[in-house]
Amino acid sequence: MSQRKRKRKPHPNYVNWMRESKRLKRLSEPAEVIDEDIMMYDVINVTTVIQERACIDHQPLPNIPSATTMSLSPSQSDKSLCSLPAEILYYLIDYLDVPDVLSLSEVNSTLKMLVDTEYYGHLMLPCKAGLLNTLTTPPRLKVLRLTTNRCFRLLLNPKTGRLPFNELNLTHLKELSLSGANYKQGVSHSFDYILKDEYISTLLEILQVVSADTLTRLEFNTENTTRMVTHVAPALRKFRRLQRLTLHGRSSDAPRATQPHTGGQLLTVLANNTYATQLELKKYLLKESNVLTLSCHWIRVLRVDLGKTGNMNLVDMRCLEELVLLSADFMTGCYCPRHHSQGNLVQNMGEGSPNLRYCNDVDLKRLEMMNGTDKDRKPWWVIVQSMGTRFCKLDRELRYRREQGADRRETFFPEYEIGCMSWAQYYEHDIDPLLEQD
C-alpha cells in the first residue's frame with residue numbers, strides 16, 4: 001500500500017551542519033540561510049533580540065478575574081443593564097465599537113468583570129512574550145482590535161517559525177490593520193511591488209475566521225496582480241457591518257485588474273465587493289500619464305493619497321459627501337483640488353459626484369450659497385474655478401485652523417475676501433434651511 005505523504009509545515013531555512021575543509025561540522029546553534037551567499041548564525045538568539053527591541057511594551061496584561069469572584073447571575077430586583085443574562089450582553093457587545101466596549105467596562109464592577117473575562121481591547125504586534133502567552137492560552141480572550149505595521153518576519157516564533165495569528169482568538173475581531181513592509185525583495189527593473197505569499201495567505205485566513213457581523217474597520221496592503229480580485233475581493237463580501245476600508249499601495253502604475261470579468265480597476269473592484277461607506281487610499285504613487293478611476297455608488301467619504309503627480313477620475317460617485325486629499329502639490333504645497341489631476345479634478349468632482357458637500361475643510365454648499373441668490377446662483381465648482389488662488393488660501397486657512405485647534409471665526413487675514421462676502425463671515429453665513437432640506 002502506498003503511504004500518504006505528510007504535508008510539511010512551513011519552517012525557516014534552518015541548518016545545523018556546515019561544511020568546512022571537506023568535512024561536516026555541527027553548529028552549536030542553528031543558522032538560517034537567507035540567500036545563496038548570506039547566512040545568519042545563531043538565528044534563534046538574534047531573532048529573539050530583534051523582536052524584543054521591536055516589541056510594543058506599553059500594552060497592559062489582561063486582568064482576568066478568578067472563578068470565585070465571578071457572579072453574573074441576574075438579580076430579580078435589579079432592573080439595570082446588569083440584570084440581563086450574560087448571553088444577551090455578549091450579543092449586544094458584538095454590535096458595539098471598540099471604544100464603546102471599553103467604556104462599557106468602566107460603568108460598574110459587574111460589567112468590567114464581564115468584559116475582562118471575555119475580551120482584550122487592542123493588541124499591537126509584536127508584543128511581549130508574556131502578553132502573547134496569556135492571550136494564546138485558555139481561556140483565550142477575544143481580541144477586539146488587532147494592529148501590526150511591521151514585517152511579518154519580526155512576528156515569527158524563533159523556535160517554531162510560525163506566526164501568532166492562528167493561536168489568537170480573532171472570531172469577534174472588530175478592527176484589523178495589517179500593513180508594513182511585506183513585499184517581496186529582488187524584483188529588478190520593475191516598479192510593481194508584489195506581496196509575499198505568506199502575507200496573502202495570512203490575510204485570507206484571518207478574514208475567514210472573523211465573524212461576518214463584527215468587523216467594522218479593515219486595513220491591508222494591495223498589489224498590482226489578479227490575486228486581489230480572485231482571492232481577496234470575494235473574502236470581503238461577507239462583512240455586512242464593515243464601515244471603513246483602508247488600502248495601502250506602493251505601485252507607481254495605476255493598479256488595474258487584468259481579468260476581463262472584473263470590468264474595471266483593482267481598487268474599484270475591492271471597494272464594490274464591500275459594504276464600506278468610507279474608503280481611504282494611501283501611498284498610491286501614480287505617474288502623470290496614469291489616471292486612477294474610481295466608481296462606487298455607496299462610498300460617502302473618500303480619503304486619497306495619490307502622491308505629488310497623481311491623477312484621479314470620479315465616475316458615478318452619487319453618494320459621495322466628503323473628499324479629503326492627503327497629498328499636496330509639489331510645486332505649490334497646496335492640498336486643494338485646483339492643483340490636483342492637472343487642474344481637472346474640480347470639474348470632475350462636480351460631474352462625477354453631484355452630492356459632494358465637503359472638500360477637505362471647505363463646505364462647498366455653504367460657499368455656493370454665499371455667492372448669489374437663488375435665481376442667479378452658480379454651481380460650486382464654477383465658483384471654485386473663478387475664485388482662483390483665493391480658494392487655495394481658504395482651503396489652507398481652514399486646514400491650519402483645524403490642525404491648530406484655533407477659533408474658526410477668528411480673522412487671520414482680514415484683507416482676504418471670497419465672492420461677495422468677507423471670508424471671515426464664511427462660518428457666520430446661515431445655512432439652516434439647507435441643512436433642513438438634507
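Is aspartate 316 buried, partly exposed or exposed? At 32% relative accessibility, aspartate 316 counts as partly exposed, where buried means under 20% relative accessible area, exposed means over 50%, and partly exposed lies in between (1.4 Å probe, protein chains only). The structure is a predicted model, in which local features need pLDDT of at least 70 and side-chain atom pairs count only at pLDDT 80 or more, whereas totals for chains, interfaces and linings use all residues. Residues are numbered from 1 along each chain as its sequence is written, and side-chain values use heavy atoms, with hydrogens and water left out.

The chain comprises 13 helices and 17 strands, these elements being DSSP runs numbered from the N terminus (H or I and at least four residues for helices, E and at least two for strands). Of its 438 residues, 43% count as buried. Among contacts in the chain between residues at least 6 apart in sequence, 62% join residues at least 24 apart, a contact being defined by heavy atoms within 4.5 Å.

Ten strands form an open sheet of mixed pairing, in the order β4-β5-β6-β7-β8-β9-β11-β13-β14-β15, with two strands taken to pair if DSSP finds at least two bridges between them. At the edges stand β4 and β15 (362-363), each of which has a single partner strand, so one side of each is left without a neighbour in the sheet. Strands of a sheet pair through backbone hydrogen bonds, in either a parallel or an antiparallel sense.

Strand β4 (119-124) runs parallel to β5 (142-148), and five bridges join β4 to β5; methionine 124 has threonine 147 in β5 as its bridge partner. Together with α5 (129-136), these two strands make a right-handed β-α-β unit, a crossover being right-handed if, with the strands pointing away from the viewer, the path from the first strand over the helix to the second runs clockwise. Five of the seven residues of β5 are buried, so β5 is largely enclosed by the rest of the structure. Strand β5 also pairs with β6 in the parallel sense, over four bridges, and here arginine 145 stands opposite glutamate 175 in β6. Helix α6 lies across β6 and β7 (217-221) and runs at about 175 degrees to β6, the axes being lines fitted to C-alpha atoms, for helices over the stretch in contact, with angles from 0 to 180 degrees between N-to-C directions. Elsewhere in the sheet, β9 (residues 278-282) and β11 (residues 301-304) pair in the parallel sense over four bridges, with leucine 281 opposite valine 304 in β11.

Several backbone features fall in loops. Most residues other than glycine have a negative phi, and most peptide bonds are trans. The peptide bond from leucine 125 to proline 126 is cis, with omega near 0 degrees, and proline 126 is placed in the loop between β4 and α5. A cis peptide bond also joins proline 138 and proline 139, with omega about 15 degrees; proline 139 is found in the loop between α5 and β5. In the loop between α5 and β5 lies arginine 140, which has a positive phi of about 50 degrees although it is not a glycine and counts as partly exposed at 32% relative accessibility. Aspartate 316, in the loop between β12 (311-314) and β13 (322-325), has a positive phi of about 55 degrees, although it is not a glycine.

Five aromatic pairs were counted, rings of Phe, Tyr and Trp (its six-membered ring) being paired if their centres lie within 6.5 Å, with planes under 30 degrees apart classed as stacked, over 60 as edge-to-face and the rest as tilted. The rings of phenylalanine 152 and tyrosine 199 have centres 5.4 Å apart and planes at 40 degrees, so the pair is tilted. Phenylalanine 152 lies in the loop between β5 and β6 (175-178) and tyrosine 199 in helix α6 (residues 197-209), so the pair ties together parts that are 47 residues apart in sequence. Both phenylalanine 152 and tyrosine 199 are buried. The rings of tryptophan 380 and tryptophan 381, with centres 5.6 Å apart and planes at 90 degrees, form an edge-to-face pair; tryptophan 380 counts as buried at 2% relative accessibility, whereas tryptophan 381 counts as partly exposed at 25%. Phe152, Phe165 and Tyr199 form one aromatic cluster.
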